[in-house]
Amino acid sequence: MALSAPEISTSGAQRYAGRWTRAIARQAFVPMSTDEVEKLLTRHVVRLAEALRADEFSPEPAREAGRALVEANLTEPGTLSWSLRALAERLVDDVVPGLDLPDLPARIIESQAALAESFAAAMRDRTFAQQERISRSAWEARNEAEQALRDSEARFRAVFSDAAIGIGIADLSGQIIDINQAFSAMLGYSRDEMLAINVADLFHAEDDPGMWPIYEEMIDGKRDRVRMEKRYFRKDGSELWTDLAVSLIRHDDGRPRFTVAMVQDITERYALQQRLRFQALHDPLTGLPNRTLFFERLEAVLRDPAHDRRVGVCFLDLDGFKAINDTLGHDVGDKLLIVVARRLAEAVAGAGHLVARMGGDEFVILVADVDQDGTAVEVAQAALRAVAEPVYIGAHQLAVSASVGIVDRFVSDGAATDLMKAADTTLYWAKAEGGRGRWARYDPERAAREATSTALATALPTALGRDEFVVEYQPIVAFGTGEIRAVEALVRWQHPTLGLLSPDSFIGLAEETGLIVRLGQWVLERACVEAGKWHQEFPQARLTVSVNLSARQVSDPEIVDQVAGALQASGLPPDLLQLELTESAVMATGGEPVRALRKLANTGVRLAIDDFGTGYSNLAYLRQLPIHTLKLAGPFVDGMRAQDPAAVVAERIVDALVRLAHALGLSVTAESVETPEQVERLTALGCDSGQGRHFGTPVAPSAISALLRAGG
């Protein structure tokens, strides 16, 4: 039979293997390349064909093919089904065509059975092997996890037990579950004693009131961690300051489980911080709070939401302290400051008032809650009494006094800096009033006036350059005839925001700042220019312009040249210019100023004494000066209006002054004439001329021109 069996077709075997490969690829992912699968299957196709045509049939090649499919991971159920069906239907026709054996069907069936059996056995063996590997891996993973857990627990226990910081674990009720030796040692309790304590028992009586609500939020799961500085009482009653960090530990489903607290002893650091804070907030010489701490307390009071609460400040400054330092030395001065600080603290601190040293010899008392009237004053008076007691330092007995500025206001009335600025201003008022041991209370209206004056003083230097000043003229009328003999030049300030300001608002400031010389020269030149125009237009009027000179102008070495220059530039004759000097300015002149007045008089310029009768004139000295006119001070003239005995006295004084002036060859002008009765009495007394509202208020140059045009 072997001689008659047909040969195996190599090409047929390859075609069969190709169809097998494609059938397998259609079933599922194939982990090998197509060529690799086809070579593998071709080899087994040939062996299957050889077994079918062999004289002695053996199903072993079919078993090898089944095992090969599993080993190659060609294990989809459809793969086995196609293989068995194709083995029966195609293998003989494609690979060994013409093969005709009596038992061929039986051989094919047996081959199918052997392939299926080996395929199933290989699948079973592989499944068992995989299960074994999975089981072995699971055991290894569990062993590793248990070992890692044991290692982790050992590390945690080592850290928990040997840590330098305290660690405690508590349940949600606050009961301590576990605690390490460091925490127990910090508080001075044994571990067993600590395990019997609830967290709430460790809260200090002076803890922040908000601490307990924060802890409750944590155990409710609303917070995961909290960190704060907290103090405890040790078992022996001493205080322990700690840096406390508490964390919430949750169940796997997120529910709160317990809390872990880590505590570090910061008692020494806290004490150092307190010492440093004390040094930063207290005066090193006196031990009193310094300005930094004072402002902290003051701002805390001002933040009080109760707007009807009043706060008071007493700002105190020692009188004559510089003289003590200069004469007795700074060592004595420092000891005096220490004594004063102690006395102030003893006098007012007992009532809850804060006493602080602001610097130098300045102290401040904070009255955090005052009555609307009187309390701050009472505190200031108590402070003054305490300071006024004699002080003995070595061999020196010192008489000490102080001045106090008092401010009390509603907490809603301004910031701390505003209040202290007001206190400083009020202290200045107390010192400016003269004497020692005085107090002054803040006056908003006075402060506003002074603030306006300061603003004006600041604006004065540039006001001239901005041409903000104007000159108005008030008529001076002859008694009897009613003719306008002269006009007085009066400067006004056309302020850009405050409007037209009278001389009373700024002349004093100009005197203080020294600007009066420039301003006075400007007024002189402007008045001479206007008077020169009037003289050219109305020469028959012979109108004199009267210009005020300040004491500084009189003392200016260039005053004669300035007057001469103004006259020359304006074309005004010298005898139509009258320069007015105050009585005090005339009496203070001597040397060069007197010579300057005489030079001015020699040029033909007239000189007048303004506000005569208000000073202490030396009549003999006046007689030596080249004065032409006396202007009676307004109070004398004003007194002549009253219908009482005082009016008689005023009239007698005016009568005496007029007689005296005429005896010296001087003319007399009365100021502040306001009523016809005054005109009548002054005329009867022989007064030469007058000015005031009765004759007209100061007006612009054009109004004077109109009067002259109308014939006076």
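Modeller: Before we start on this predicted model, a word on terms: Ala, Val, Leu, Ile, Met, Phe, Trp, Tyr, Cys and Pro count as nonpolar, Asp, Glu, Lys and Arg as charged, and the others, Gly among them, as polar.

Biologist: Which residues are closest to its centre?

Modeller: Of the 34 lining residues, Glu488, Leu490, Pro503, Asn548 and Asp610 are the closest to the centre of the largest pocket.

Biologist: And which element gives the most to that lining?

Modeller: That is β14, which contributes 5 residues, while the other elements giving two or more include α18 (516-537) and β18 (606-612).

Biologist: What about the second largest pocket, what volume does that have?

Modeller: Its volume is about 350 Å³, and 13 residues line the second largest pocket, with Thr425, Ala447, Glu450, Ala451 and Thr454 lying nearest its centre.

Biologist: Switching to the sheet, what is the strand order?

Modeller: The open sheet of 5 strands runs β7-β8-β6-β11-β12, with mixed pairing.

Biologist: Why is one side of β7 and of β12 left without a neighbour in the sheet?

Modeller: Both β7 (354-359) and β12 (439-441) stand at the edges and have a single partner strand each, so one side of each has no neighbour in the sheet.

Biologist: Which helix lies across β11?

Modeller: Helix α15 (residues 416-432) does, running at about 145° to β11, and α15 also lies across β6, β7, β8 and β12.

Notes: Residues numbered from 1 in each chain as written. Predicted model: local features only at pLDDT ≥ 70, side-chain atom pairs only at ≥ 80, totals over all residues. Heavy atoms only, no water. Pairing = 2+ DSSP bridges. Helix = DSSP H or I, 4+ residues; strand = E, 2+ residues; numbered from the N terminus. Contact = heavy atoms within 4.5 Å. Axes fitted to C-alpha atoms, helices over the stretch in contact; angles between N-to-C directions. 1 Å grid on protein atoms, 1.4 Å probe; cavity = no way out; pocket = protein on both sides within 12 Å on 5 of 7 lines; lining within 4 Å. Points joined across faces, edges and corners; volume = space filled by probe spheres on them.
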